Amino acid sequence: MQRVTVLLVFLTLIIIVLNLKSGQNLEVEKSFFDLEKYSKSYHAEKDLIAELSAPKVVEEIVEEVVENIEPIVELTTESQIRGQKLYSKCITCHGKHGTGKKSQKAPKLAGQYDWYIADKIKQMQDGIWENKVMYPYIKKLTAQDRQDLGAFLSAYKW
Ligand code: HEC
């Protein structure tokens, strides 16, 4: 009887030791705290915060808001209406309502004197004032077109 007990105890011990050994091979749960993952998302958030609070973005938002405000403009003459049509080519740089775009380095035109607009365009056509990016858009404008654009842009009251 004593021998049987010793044998049973021995067997139990072997089973325990084997169990402990197999436990050593278990994968430690890594995903519980993956430093690399957390540090990546931390940096992504930090970059996003930096981007959102950067002055450039704020400026662009202001530009967009200003562009979408419906300004006071009354187009009463034929010339102004024609000018508005011609102006569609200038929107990409000078904005929907001629408010200008800093990103394009294009100045505000709305509310400017009609004669000044016409003069400036003429100066560029004559090569007195050079601007390679704008030139293709104005090179074919006639004297009437220049006057119409001036009439349209000077109609804005800010
Ligand atoms: C590709 C961009 C671009 C387009 C399109 C464009 N412009 Fe310009 N424009 C500019 C830039 C940039 C300036 C200012 C740079 C400079 O003074 O040389 C400017 C300046 C001007 C000025 C002078 C403003 C001032 O206060 O001296 C007038 C007037 C003008 N543009 C009219 C027009 C008209 C009218 C059109 C459409 C037929 C037009 N532009 C289309 C980029 C553009």
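This is a predicted model: local features need pLDDT of at least 70, side-chain atom pairs count only at pLDDT 80 or more; totals for chains, interfaces and linings use all residues.
Figure 1. Lys 101 is in contact with Glu 63, Glu 67, Ile 91, Thr 92, Cys 93, Gly 95 and Ala 106, leaving aside its neighbours within four places in sequence. The residue sits in the loop between α5 (91–94) and α6. Lys 101 counts as buried because its relative accessibility is 17%, under the 20% limit for that class.

Figure 2. Val 66, at 33% relative accessibility, counts as partly exposed.

**Figure 3. Residues around the ligand.** There are 19 residues around the ligand, of which Cys 90, Cys 93, His 94, Tyr 116 and Met 134 come nearest. A nitrogen atom of the ligand lies 2.8 Å from a polar side-chain atom of His 94. On the side of the ligand oxygens, an N or O atom in the side chain of Trp 129 is 3.2 Å from an oxygen atom of the ligand. Asn 131 places a polar side-chain atom 3.3 Å from an oxygen atom of the ligand.

**Figure 4. Met 134 and its contacts.** Met 134 is found in the loop between α6 and α7 (135–138). Not counting residues up to four places away in sequence, Met 134 touches His 94, Met 124 and Trp 129. His 94 also has a polar side-chain atom 2.8 Å from a ligand nitrogen, and the side chain of Trp 129 has an N or O atom 3.2 Å from a ligand oxygen. The C-alpha atoms of Met 134 and Cys 90 are separated by 8.7 Å, and the two residues are 44 apart along the chain.

**Figure 5. Packing of helix α6 against helix α8.** Helix α6 (residues 114–125) packs with helix α8 (residues 143–153) at an angle of about 140 degrees, and the axes are 7 Å apart. The crossing of α6 past α8 is right-handed. From α6, the residues in the contact are Asp 114, Ile 117, Ala 118, Ile 121, Lys 122 and Gln 125; from α8, they are Arg 146, Gln 147, Leu 149, Gly 150, Ala 151 and Leu 153. By class, the residues of this contact comprise six nonpolar, three polar and three charged.

**Figure 6. Burial of helix α8.** Of the eleven residues of α8, eight are buried, and the helix is mostly covered. These buried residues are Asp 145, Arg 146, Asp 148, Leu 149, Gly 150, Ala 151, Phe 152 and Leu 153. Their packing partners are α4 (78–87), α6 and β2 (156–157). In the protein chain, which has 158 residues, buried residues make up 23%.

**Figure 7. Elements of the protein chain, for orientation.** The secondary structure comprises eight helices and two strands, in the order α-α-α-β-α-α-α-α-α-β from the N terminus on. Among contacts with a separation of 6 or more, 62% join residues 24 or more positions apart.

Methods. Residues are numbered from 1 along each chain as its sequence is written. Side-chain values use heavy atoms; hydrogens and water are left out. Axes are lines fitted to C-alpha atoms, for helices over the stretch in contact, and angles run from 0 to 180 degrees between N-to-C directions. Helices (H or I, at least four residues) and strands (E, at least two) are DSSP runs, numbered from the N terminus. A crossing is left-handed if the near helix is turned anticlockwise from the far one by less than a right angle, and right-handed if clockwise. Contact means heavy atoms within 4.5 Å. Ala, Val, Leu, Ile, Met, Phe, Trp, Tyr, Cys and Pro count as nonpolar, Asp, Glu, Lys and Arg as charged, and the others, Gly among them, as polar. A residue is near a molecule or strand if one of its heavy atoms lies within 4 Å of it. A polar contact is a pair of N or O atoms within 3.5 Å; within protein, one must be able to donate a hydrogen and the other to accept it, and residues adjacent in sequence count only if both atoms are side-chain atoms. Buried means under 20% relative accessible area, exposed over 50%, partly exposed in between (1.4 Å probe, protein chains only).
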